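User: I am new to this structure. Please show me how to read it, one feature at a time.
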Amino acid sequence: MKPIRSDWEKELRHFPLNPKGVPAKLKKSVEERIAMGVRPKRNGARTWTTAAALMIAAAALFAWREPLLGLFHRQADTELFDTKTERSVKVQWMDGFSFMSRYGQAFIIRYPNMDVETISSPPYDPQQNMTAAYEAMIERDKPDVVYLPANVFKNLAAEGKLLSLEPFIAKDKYDLSAFVPGIVDGIRELGGGTLYGLTPDYMSEALFYNKDLFDRYGVPYPTDRMSWDDLLRLAQRFPASGEDGSRVYGLAPFLASPSGVAESAALAAGLSLLDANGDWAGDTDGWRTIWKNVFDGYRGGWLYEEKSSSGPVSGVNYYKRNPFLTGEAAMSLYHFTMANDLVEAKKRYGLADFRWDLVTEPVNPNKPDMSPTATLNTIFAIPVRSANAKDAWEMIKHVHSEEMAAKLAVQYPGAQGTRKRIPKALEGYRTDAFYMLKPDPELSVRAYSVARNHLNAQLNSIVDDELKAAIDGVKSFDAAVESIRQRGRQAVEQAKAEERSALGKEAAALR
Amino acid sequence: MKTGHAYRIAAALLAIPLLLSGCSQRPAAEPEKETIRILFSNEQSFQLVYGDYFAVKFPHLEVEIVPTDGEFTPDKNYLDEYERLIRERKPDLVIAYDASLYKRWADNGLLADLEPFARKAKFDLNAFFPAAIEQLKMNNEGKLFGLAPEFTSSALYYNKTLFDRYGVPYPTNRMTWEEVFELAQRFPIDPDPEKRIYGIHKKYWTPFDFVEEIASTEGASYASADGKRMTIDADVWRRAFNRVVAGFRSGNLYYYYKDGQPIRYGPEETKAMDLFSTGRAAMMISTTEQMFRMKQWGTGGFDWDVVTVPVDPANPEYTRYFNVAPIYAIPANAEHAAAAWKVVEYFNSEEAARISLKTSETLSTRTAFTTTKDGHSLEPFYMLKRKEESYPTLPAAFYEPFQELVIREIDEAVRGLQSADEAVRAIQTEGQSLLDEAWTKSPPPPD
């Protein structure tokens, strides 16, 4: 009985919805259905009465098709996922054990007929084409659910190696609006307009500020969607005098070094040291202004620079390393984890005993709704050849469920969920600041570009060298900029030459 | 006329989905938010063990942990402090991992009888293994003050391939220690300790652990009931000492001390200590953990099976290894007893047992789950019942010097510097003076 029923349901979903009449196919199916249902009794008269009633109903069905289709959808939902048969679903994650404690065991609790098999992600290897490594893993281990870095996700989606989630979502009326705005759109953009995956957490920055310090120095609180210029001007208003330990910094950036601040400000301004072809692009006025601001900030002493420390990082020392937690920085750009750190440091060690709150990170004034830092790190998807796509989809729904979001908010309170679920201790703070801006999907992909990252690190160290020399008064700011431009261009060219020769060798090897 | 027509259409419309789908599931009305307090070590451990269950099965319950961790300080008697927490903080649910805690709370009238709850909910207590229910009812009132979905027990694992190779008959259920040693001795002792096959093994057992295990299987204690006199110079202890000393002297038992110091308990050592998985122990006593280890580390393909642990020939149905845990109980003064019962009922349900079968290596107290694991019968873990034991309470200052004495004396016997009987006599005499001394340091509590 069961296969027949689901077959005919499938048929029904494919009917053209013709409001002018009952399609012949439906009429026939209904009749067949009735015949099937009463076959044991063979009562002709009753069959006919029921059939007649159904015909009338079927006519009405097309007037009221919306609510009725709703019924069919719901019915499909419970029927298609089989909660009786003992079987297992295979998941690739960072490592099997942690998947089980994060999501796997809870899945079995939800569906006691299911078991979960896990395989580990291919190890990260900068020398390797990670997309190929994931493809080989999928080919070899045949997982039903995969967990892909954003760049691999983008590539596999483009190659048609992933299953679209759109039909599942439509069928289950799965509520995508429960996700933080921009997340689903961002993933869809990575999939070239089709949604091939979902992710339960991501990362972005927000601006934390110490209300006590702002009040003490009579500085107006920061606001949402400031520009980097506004932010630096605000930071400048805090006195930069005094010894370490008693002095105040206007701003502790997330990457607290000259190149780190410059890079963050450049991201918000849409600037990069490399253009689309990978050529040097640091000769612009835009970059000069950013370096000037950074130079002024460090020279003036209102920007915090991270100290290289080798001391212990456990217990109270972990918190004491962060100048915002110790009350030394008026503002800090940081990930969601710091909200939790603020609560924990106060609870455990009496640190961070001040009033604080949050606004959004600074933005590009031309794109005030985009986050310059938010990245979708890793994305759950279903390989197109998964033998158990329905089970895989059920697992993906489970991973992104309200229940799991609630559990993670308790067990991993520092993680920023894509289903906004705020840990209890953070109620009353403007944690919304983390969720107001949309992630830029391209940024997520770029974050995994190995060659680019390597060159970037080189360029950043040049920027640090030169700006520090200027800050320390060893050379003038103008001389430093000149040097950055010269050395930067050289580094880029050398990298390109190396790439060419590597390609040449590869080609030679192939020959 | 119109109304009648519409009515018929509506009726038919209602019939359609029913006809098409048989019955479709509708989400039940969401239960109201409710808070329950649970006595547990701390919030974090609770989350680790139960977070998934509460998130998925009880999303409407707000759990507040009454932590017991803070009460575990040297200046306080934690047993009294736990009871104070139950009386004052009124947890709705207590989860005891220690059977003696449960018994104490039951005997002190802190817990509610669960049978009325079970009756009302038509919760079938006959689905449980009688030995489990029996242990839970081992309290002054003989009532069921708790339910336990799982238990731990040990069994005797044996390497069939080795038994076949040396033509030794397989061990059987309910053997005595004497019989186990007879079998163990039939394996040849290779002069190279790295190649040697050991007759009977248990991870981390010292010679005295062996001796104590054998003697206490027969119910013997090395001190009198009032804790004042050493009683180790007795036949049962002498027999055990002789067996064990002979076993270590010949190399039939694995001696894991090196230069008088036990090998450290690191992950590597834990693996190296598992002589059974590597095919170098003919028999081994272990919980179901050993099955997990053999899966984890592999066995190289030998055949194995399990029988019950050795028993006291006078009480062949009992073992001191059988223990139900954790025990879920509802305090008599719980404010949300109904909600707590729902939790107890779920964790002891067939559904939860099905889940544990997949997610852990524990043994279910439900009879329907006692069959096999990975093709091996688990029956020997279920065959014996729990033996209630009462040991004399000895002063705390006694144990450390006594331990040193015992290790020294047995070592000398193993090295052939004295006989096993001489070791027993020395422990009796010197142990007595240690005991006397310890009592003068800490006088016994008034009865």
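User: Is A:Ser88 buried or exposed, or partly exposed?

Analyst: Burial is a neighbour count. A residue is buried if 20 or more other C-beta atoms lie within 10 Å of its own, exposed if 12 or fewer, and partly exposed in between, with C-beta atoms placed from the backbone. A:Ser88 has 15 C-beta neighbours inside 10 Å, so A:Ser88 counts as partly exposed. This is a predicted model: local features need pLDDT of at least 70, side-chain atom pairs count only at pLDDT 80 or more, and totals for chains, interfaces and linings use all residues. Residues are numbered from 1 along each chain as its sequence is written, while chains are lettered from A and ligands numbered from 1 in the order in which they are written.

User: Which residues does A:Ser88 touch?

Analyst: Two residues are in contact if their C-beta atoms, placed from the backbone, lie within 7 Å. Leaving out residues up to four places away in sequence, A:Ser88 touches A:Met114, A:Asp115, A:Val116 and A:Glu117. By contrast, take A:Glu482, 394 residues from A:Ser88 along the chain: their C-alpha atoms are separated by 62 Å.

User: Which strand holds A:Ser88, and which strand is joined to E1(A) by bridges?

Analyst: Helices (H or I, at least four residues) and strands (E, at least two) are DSSP runs, numbered from the N terminus. A:Ser88 sits in strand E1 (residues 87-93) of chain A. Two strands pair if DSSP finds at least two bridges between them. E1(A) and strand E2 (residues 114-120) of chain A run parallel, joined by 7 bridges. One bridge partner to look at is A:Glu117 in E2(A), which faces A:Lys90. E1(A) is mostly covered, with 5 of its 7 residues buried.

User: What does chain A contain overall?

Analyst: Chain A has 20 helices and 11 strands. Of its 511 residues, 37% count as buried. Take the contacts in chain A with a separation of 6 or more: residues 24 or more positions apart account for 73% of them.

User: How do I read two packed helices, such as H5(A) and H16(A)?

Analyst: Two packed helices are described by the angle between their axes and the distance between the axes. Axes are lines fitted to C-alpha atoms, for helices over the stretch in contact, and angles run from 0 to 180 degrees between N-to-C directions. Helix H5 (residues 96-110) and helix H16 (residues 389-399) of chain A have axes that come within 10 Å and cross at roughly 110°. That makes H5(A) roughly perpendicular to H16(A). The angle classes are: under 35 degrees roughly parallel, over 145 roughly antiparallel, 65 to 115 roughly perpendicular, and the rest oblique.

User: Which residues meet there?

Analyst: From H5(A) come A:Tyr103, A:Phe107 and A:Arg110; from H16(A) come A:Met395, A:His398 and A:Val399. By class, the contact has 4 nonpolar, 1 polar and 1 charged residues. Here Ala, Val, Leu, Ile, Met, Phe, Trp, Tyr, Cys and Pro count as nonpolar, Asp, Glu, Lys and Arg as charged, and the others, Gly among them, as polar.

User: At what angle do H10(B) and H17(B) pack?

Analyst: Helix H10 (residues 235-250) and helix H17 (residues 420-441) of chain B pack at about 130°, with axes 9 Å apart. H10(B) and H17(B) are therefore oblique to each other. The contact uses B:Trp237, B:Arg238, B:Phe241, B:Asn242 and B:Val245 of H10(B), with B:Ala420, B:Asp421, B:Ala423 and B:Val424 of H17(B). By class, that gives 6 nonpolar, 1 polar and 2 charged residues.

User: In what order do the strands of the 4-stranded sheet in chain B lie?

Analyst: The order is E2-E1-E3-E13 (chain B), in an open sheet with mixed pairing. Its edge strands, E2 (61-67) and E13 (327-329) of chain B, each pair on one side only. The twist averages 25° from one strand to the next. Strands E1 (residues 34-40) and E3 (residues 93-96) of chain B run parallel, with 2 bridges. E3(B) and E13(B) run antiparallel, with 3 bridges. B:Val94 stands opposite B:Ala329 in E13(B).

User: Which residues of E3(B) are buried on each face?

Analyst: In a regular strand the side chains alternate between the two faces of the sheet. In E3(B), B:Leu93 and B:Ile95 lie on one side, B:Val94 and B:Ala96 on the other, and all are buried.
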